[in-house]
Amino acid sequence: MTAKDPSTGKVWYRGKREYFEVGLDIQGRMRYGAWQIKEILDLSLPPRLSRPERFLFTLPPDTREVEVGVTLYYCLKDHQCIPVRQTVKRLRYPRL
Amino acid sequence: MRKTLARGAVVVCFFWLIFPLRAPAKKLIFPEDKLIDNFDEFVQTFSSRRCQACHPRVYHQWEQSYHARSLVDSIKRMASFFAVGIPKEWQKPLNKKEMLKCFDCHLPQIRYATDRLALEIVGMLIEAQKARESGDKVRFRKAYSRLSRLNITCYACHNIVVYRASPGLFGKPDPQTIYTSNPKKVKAPHATAFAPTLKTAAFCAWCHGIYVASDGEKTMCNTLSQSYYHGYIALGGRKTCQECHMYPPGRGHRFPGAHDLDMLREGLGLDAEIRGFRYGVEEWVPAVDVEVTLINRAGHRIPDG
């Protein structure tokens, strides 16, 4: 989730939520090797359920316009993330 | 006379064009209890190319699947298990029983390889990973190109692992029979048999879940079908793996998953309500409230596989 100034591109706020699993060995330590993993902490999105997330933030007092974008990525590897869905909305704050 | 010969030639050409001369399909023979020691012979014996002539469309789909890259796509993890996991952490000898903890799913035909050949393949995986880490592209490409000839072939699913979901009921598959999900009798250069297991989620779950080796060791790759059974099915989901990953048009033996944008869009929904307002008392600061709802429509948790 990113809120930025539409004219300069300056980012005012950035928020992120991640969903993944943590593999744990028999002593509760995080592991990567499939042969080491005996338990998991399931931090993924469960099937057939929806998950609400909230991002609530303020902007600099003189902000007149902001572009808020929400993008859902699926990351195959650390640096290989595919944008799956996106919603963008421009908000205006007229001078009081 | 000349006219008759010409007519005859035209008739022969006509039939030649309509019914091209084809050698009768060669009978497919697979090894029974014989172990193969030669790499090329091993590759050729189980190669999906043997099925390509009669099943070109399915072959082309399979070629694009991750089943066709089952070894080269997991070099790092398998090399790590063979170089560190077994010898250093478990302090066990690297034998076929231990290798099967990876290969039973990634290369099921390994059961028909000698211990020496199995070790040769493990050596290639370790060599590929070492070359990758050291940035030696030539060495890496050499190992990679050999490893890319090894994969989950047609014979693996349509014979070797076909009854894994219920070995007690079905017993051992006959090595000379190709098992299909088609209950009709068909004429083929190999024996065919109907295997109802091929249409079930249990068939896929053997590998796409917690793998239990013959010695009871559990191997948890990041493919946990448990969320399918305890999350999706338990909450009323009723589709099988095949119904999403195989049956829709354009999928088939390609078995698309998370690497396919259409699959991701099908499985993941996003609803975002974005509202601007002014926050505070008297000093009205611009603020934003973003309410996001993520919907997992897949038959398993995400990320998963």
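The legends below describe close-up views of a predicted model.

**View 1. A disulfide joins Cys75(A) and Cys81(A).**
The two sulfur atoms of Cys75(A) and Cys81(A) lie 2.0 Å apart. The torsion about this S-S bond is about 105°, so the disulfide is right-handed. Cys75(A) is partly exposed, at 42% relative accessible area. Cys81(A) is partly exposed too, at 33%. Over all chains, the count of disulfides comes to two.

**View 2. Cys105(B) and Cys207(B) form a disulfide in chain B.**
The S to S distance is 2.2 Å. This pair links distant parts of the chain, 102 residues apart. Cys105(B) sits in helix 6 of chain B. Cys207(B) lies in the loop between helix 11 (201-205) and strand 3 (211-212) of chain B. The torsion about the S-S bond is -100°, and the link of Cys105(B) and Cys207(B) is left-handed. Cys105(B) has 14% relative accessibility and therefore counts as buried. Cys207(B) is partly exposed, with a relative accessible area of 25%.

**View 3. Cys221(B) is in no disulfide.**
Cys221(B) is partly exposed, with a relative accessible area of 28%.

**View 4. The sulfur of Cys241(B) is too far from that of Cys204(B) for a bond.**
Cys241(B) counts as partly exposed, at 23% relative accessibility.

**View 5. Phe42(B) and Phe46(B) pair edge-to-face.**
The whole structure holds 17 aromatic pairs over all chains. In the pair of Phe42(B) and Phe46(B), the ring centres are 5.5 Å apart. The planes meet at 65°, so the pair is edge-to-face. Both residues belong to helix 2 (residues 39-46) of chain B. They are four residues apart, which means a separation of about one helical turn. Phe42(B) is buried, and Phe46(B) is buried as well.

**View 6. The rings of Phe81(B) and Phe82(B) form a tilted pair.**
Their centres are 5.6 Å apart. Their planes stand at 50°, so the pair is tilted. Phe81(B) is buried, with 4% relative accessible area. Phe82(B) is buried, with 2%. Both rings belong to one aromatic cluster, together with Trp35(A), Trp90(B) and Phe103(B).

**View 7. Glu98(B) is buried in helix 6 of chain B.**
Helix 6 spans residues 96-106. The relative accessible area of Glu98(B) is 3%. Leaving out residues up to four places away in sequence, Glu98(B) touches Phe81(B), Ile86(B), Trp90(B), Lys92(B), Pro93(B) and Asp215(B). Among these contacts, Phe81(B) and Trp90(B) are also members of the aromatic cluster.

**View 8. Phe20(A), Leu41(A) and Leu43(A) form a nonpolar surface patch.**
Together, these residues have about 240 Å² of accessible area. Leu41(A) lies in strand 4 (residues 39-43) of chain A. Leu41(A) is partly exposed, with a relative accessible area of 44%.

Notes:
Residues numbered from 1 in each chain as written. Chains lettered and ligands numbered in written order. Predicted model: local features only at pLDDT ≥ 70, side-chain atom pairs only at ≥ 80, totals over all residues. Heavy atoms only, no water. Patch = residues over 30% accessible without salt bridge, like charges linked within 9 Å, V, L, I, M, F, W, Y side chains within 5 Å. Areas by Shrake-Rupley, 256 points an atom, 1.4 Å probe, with all protein chains shown as cover. Salt bridge = Lys/Arg side-chain N within 4 Å of Asp/Glu carboxyl O. Helix = DSSP H or I, 4+ residues; strand = E, 2+ residues; numbered from the N terminus. Buried < 20%, exposed > 50% of the residue type's maximum accessible area, 1.4 Å probe, protein only. Contact = heavy atoms within 4.5 Å. Disulfide = S-S within 2.5 Å. Phe/Tyr/Trp six-rings, centres within 6.5 Å; stacked < 30°, edge-to-face > 60°.
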